[in-house]
Structures are given as structure tokens and as C-alpha cells.
Amino acid sequence: MAVQSNRIFLPGNRFVVAYLAFISAFAPLATDMYLPALPAISQSLNVDNALASYTLSSFLFVFAFSMLVWGPLSDKYGRKPVLVCGSIVFILSSMAIAMSQSFWPLFFWRLAQAAGSGSASAMSLAIVRDILRGRLMEKVISSMQAASILAPMLAPVIGGGLLMLTSWRGIFWCLCICGLIALGGALCLRETCIKKADLSLAGIFKRMGGTLKNRNFRRLLLLFSMMAMPFMSYLAVSTFIFQDTFALSAQAFSIFFAFNAGVSLFGPLTHIFVFRHFNARLCIAWQMAIMVLAGLGVLLAGTAGPWTFALLFLPVTFCGSAIRPPSTVLTMQSIKGDNGIVASLINCGGLVCGSLSMSIATLGFWPNPIMAVGGIAFTVSALCLVAWVYIIKKGES
């Protein structure tokens with residue numbers, strides 16, 4: 001149920017969920033919309049493709065760790081000022097990128113854009129924790145996470161469509177418009193952080209260390225952050241699996257990739273309509289067990305063919321995305337207060353673990369990328385299942 005019944009969003013409270021879903025998808029939009037334009041950027045700015053691609057990995061790094069700054073700041077100054085400030089940074093950096101005439105200014109402003117988008121992602125979850133409780137919180141988080149899954153599916157398509165109408169610079173002007181929408185929504189938002197932290201800046205960042213000292217929160221944060229690793233490892237090597245190992249065309253790979261991405265969208269939606277009516281802890285345990293079996297299946301039979309691999313990995317994708325809404329709620333409920341810090345740690349933890357798994361999946365000791373994906377899915381899911389059963393028995397979740 002909602003903590004406060006009065007209006008918190010000028011257009012009406014019923015639009016809050018749509019706005020929060022939009023800003024939660026901010027980073028995927030900024031990350032993936034310009035992917036089709038990377039070759040054009042390389043040619044326009046006279047740099048090689050590897051250097052142009054570096055703007056992607058550096059974006060994710062700055063985005064992840066910027067949330068660790070925005071979250072504590074919002075606990076001291078409020079959600080609205082942080083969201084307004086981050087939106088302005090995003091708008092100005094998007095404009096600067098669109099007008100860049102050489103690579104390094106573009107690279108600098110791309111990092112600024114990542115920092116600005118970090119405020120939106122951190123604040124979306126913090127605002128939910130400020131105003132909602134119980135089943136409604138879980139439902140809203142499911143909707144937000146469905147949007148964050150849908151965004152990277154649609155963003156490259158939107159970017160490709162824009163390239164038919166304009167140059168790569170037009171994509172960043174479009175992102176600038178997205179920033180203006182986020183800013184407009186932030187200005188219409190009433191402050192949701194009622195009790196601000198009365199501490200110095202140094203003191204508020206020290207609170208983050210105190211939050212991590214909470215054993216229950218720390219365990220759940222690590223456990224559920226690790227659950228991002230199987231799917232992220234798939235993202236890192238899927239193109240090599242389908243195009244190199246199975247010798248499929250780029251067009252055929254896009255079909256398999258879209259199939260898997262579509263399945264990931266159904267995880268949060270199924271949770272909204274089905275899983276949330278059952279015991280969340282048992283559902284998570286069963287879903288982890290299914291992921292263990294699916295990972296083992298990939299290891300044993302994943303090389304049989306593209307459809308065999310895709311169907312064996314499907315339960316990993318579905319269960320992994322279905323676990324996200326209840327796991328986020330359980331992690332947030334494991335500790336009281338410091339909503340901004342808690343939200344930033346949850347968002348950052350998943351990104352860091354996911355990035356780590358992408359690096360592990362590309363290491364040279366794997367016989368092939370299929371073994372990498374299967375090995376990570378089986379090992380991580382098994383470790384998380386054992387840890388989760390232990391936590392349930394101890395009654396700590």
C-alpha cells in the first residue's frame with residue numbers, strides 16, 4: 001500500500017509508475033540506441049571501431065559507480081534535486097555529443113552522459129521505496145524491470161530507424177529529448193524523501209559503509225547481484241556462439257537473440273500475474289534449481305545445434321528475469337532507512353557482477369563460448385541456490 005495518499009506527481013499519481021518505468025529504462029536507451037551508429041561514428045570522427053566501441057564499456061563503468069554517488073546525495077538533499085541535476089547533466093552532455101567534431105570530446109561527454117543517467121536509475125528505485133510497501137511495491141518494480149528489459153530490445157531498432165532519417169548526431173538529439181522529458185517529470189514530482197539525513201557529505205557517504213555492515217542486506221545484495229551473471233555472460237558471447245560456432249548469418253543470429261530477449265521480458269510479467277501470488281522465497285528457490293539444471297543441460301548438450309542451445313538456455317533467461325522483482329523487494333526490505341544508498345547499491349551490484357561475468361566468459365581457458373555460458377550458469381546458480389537455502393533455513397530473508 002502507499003505510504004502517502006496525497007498527490008506526489010502533478011499530472012496525477014496514476015502516471016507515477018509510467019514515469020518511473022521511463023527513467024528506469026534511461027540507461028538502456030542511452031547505451032543501446034546508438035549501437036547501430038558505431039560504424040558511422042568511427043568513420044565520421046576518423047577513429048577505429050575498437051576505440052569507438054570503448055565508449056560503450058566506459059559508459060557502463062561510469063554509470064554503475066555514479067549511482068553510488070547519486071544515492072547518498074539523495075538521502076541528504078532529496079530525490080527531486082538529484083533527479084533534476086542528473087537530467088540536466090544528461091541533456092547538456094547529449095547536446096555536446098551531438099555537436100562533437102572529434103572523438104575525445106565525444107568520449108568525455110559520453111562519460112558525463114553516463115553519470116547523468118545514473119541519477120535516473122538510482123532515483124527510480126529509491127522513490128519506489130519511499131512511497132510504496134508490500135505487494136504494490138513488488139508490482140511496480142516488476143513493471144519497471146519489464147521496461148528496462150524492453151528498452152534494450154527496442155533501442156537499437158529506434159537507432160537504426162533514426163539513421164534512415166538523419167546522421168548519428170540525430171540519435172543524441174533524440175536522447176536529449178528523452179532527457180527533457182525526464183527533467184519535466186522531475187519538476188512535476190513532489191519530494192518523496194521526507195526525512196533527510198542531517199549529516200555532512202563525508203558523513204552521508206560513511207553511511208554507505210554502515211549499510212554494507214548489515215549482514216542480512218549484505219548477503220542478499222551479493223547473492224542476488226550474482227544472479228545477473230548467467231544472462232550477462234550470454235550477452236557477451238552470444239554472437240560468437242551463433243555466428244562462429246554454429247556458422248549462422250548475422251540475420252539468423254538476430255532472430256535467436258530477439259527470441260531470447262523476448263523470453264526475458266516475460267519473466268517480470270509472469271511474476272506480476274502468477275508468481276507474486278505464491279511464497280516468494282520458495283519460488284526463488286525453485287527458479288534457481290531450474291537454472292542449475294538448465295546450465296547443466298547447456299554443458300552436456302549445448303553444442304548439438306543452435307535450437308538445442310537456445311532452448312536449453314531459455315529457462316536460465318526466464319527464471320533469471322522472474323527472480324529480479326521479488327529479489328529486489330526482499331533486499332530492500334532487509335534494512336530500514338537510507339533508501340537512496342540502498343537503491344544505488346542494488347543497481348550497482350547487479351551491473352558490477354554482470355560486467356565481471358562478461359569478462360570471465362571471454363577468457364581463453366574455455367573450450368568454446370557455449371561451455372563458458374553453461375559453466376557460468378551452472379556454477380553461479382548452484383552457489384546461489386545453496387546460499388539461498390541456507391538463508392531461508394536461518395530465517396534471515
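This is a predicted model: local features need pLDDT of at least 70, side-chain atom pairs count only at pLDDT 80 or more; totals for chains, interfaces and linings use all residues.
Local features need pLDDT of at least 70, and side-chain atom pairs count only at pLDDT 80 or more, while totals for chains, interfaces and linings use all residues. Residues are numbered from 1 along each chain as its sequence is written, and side-chain values use heavy atoms, without hydrogens and water.

Helix H14 spans residues 306–333 and helix H16 spans residues 369–394 (helices are DSSP runs of H or I, at least four residues, numbered from the N terminus). Their axes lie 12 Å apart, at an angle of about 35° (axes are lines fitted to C-alpha atoms over the stretch in contact; angles run from 0 to 180 degrees between N-to-C directions). The crossing is left-handed (the near helix is turned anticlockwise from the far one by less than a right angle; clockwise would be right-handed). H14 contributes Phe309, Phe313, Val316 and Leu330 to the contact, and H16 contributes Ile370, Val373, Ala377 and Trp388 (contact means heavy atoms within 4.5 Å). Eight residues of this contact are nonpolar, none polar and none charged (Ala, Val, Leu, Ile, Met, Phe, Trp, Tyr, Cys and Pro count as nonpolar; Asp, Glu, Lys and Arg as charged; the others, Gly among them, as polar).

Helix H10 (residues 215–226) meets helix H15 (residues 339–361) in a right-handed crossing. The axes come within 8 Å and cross at roughly 40°. Phe217, Leu221, Ser225 and Met226 of H10 touch Val342, Leu345, Ile346, Gly349, Gly350 and Cys353 of H15. Seven of these residues are nonpolar, three polar and none charged.

Helix H3 (residues 38–45) packs with helix H8 (residues 168–188) at about 115°, with axes 9 Å apart. Ala40, Ile41, Ser44 and Leu45 of H3 form the contact with Trp168, Arg169 and Phe172 of H8. The contact has five nonpolar residues, one polar and one charged.

On the surface, Val69, Tyr77, Leu201 and Phe205 form a nonpolar patch (residues with over 30% relative accessible area and no salt bridge, nonpolar side chains being joined within 5 Å; a salt bridge puts a side-chain nitrogen of Lys or Arg within 4 Å of a carboxyl oxygen of Asp or Glu). Together they have about 340 Å² of accessible area (Shrake-Rupley method, 1.4 Å probe, only the protein chains shown counting as cover). Helices H4 (49–77) and H9 (201–212) each give two or more residues to the patch.

How values were computed
Patches are made of residues with over 30% relative accessible area and no salt bridge: like charges are joined within 9 Å, nonpolar side chains (Val, Leu, Ile, Met, Phe, Trp, Tyr) within 5 Å.
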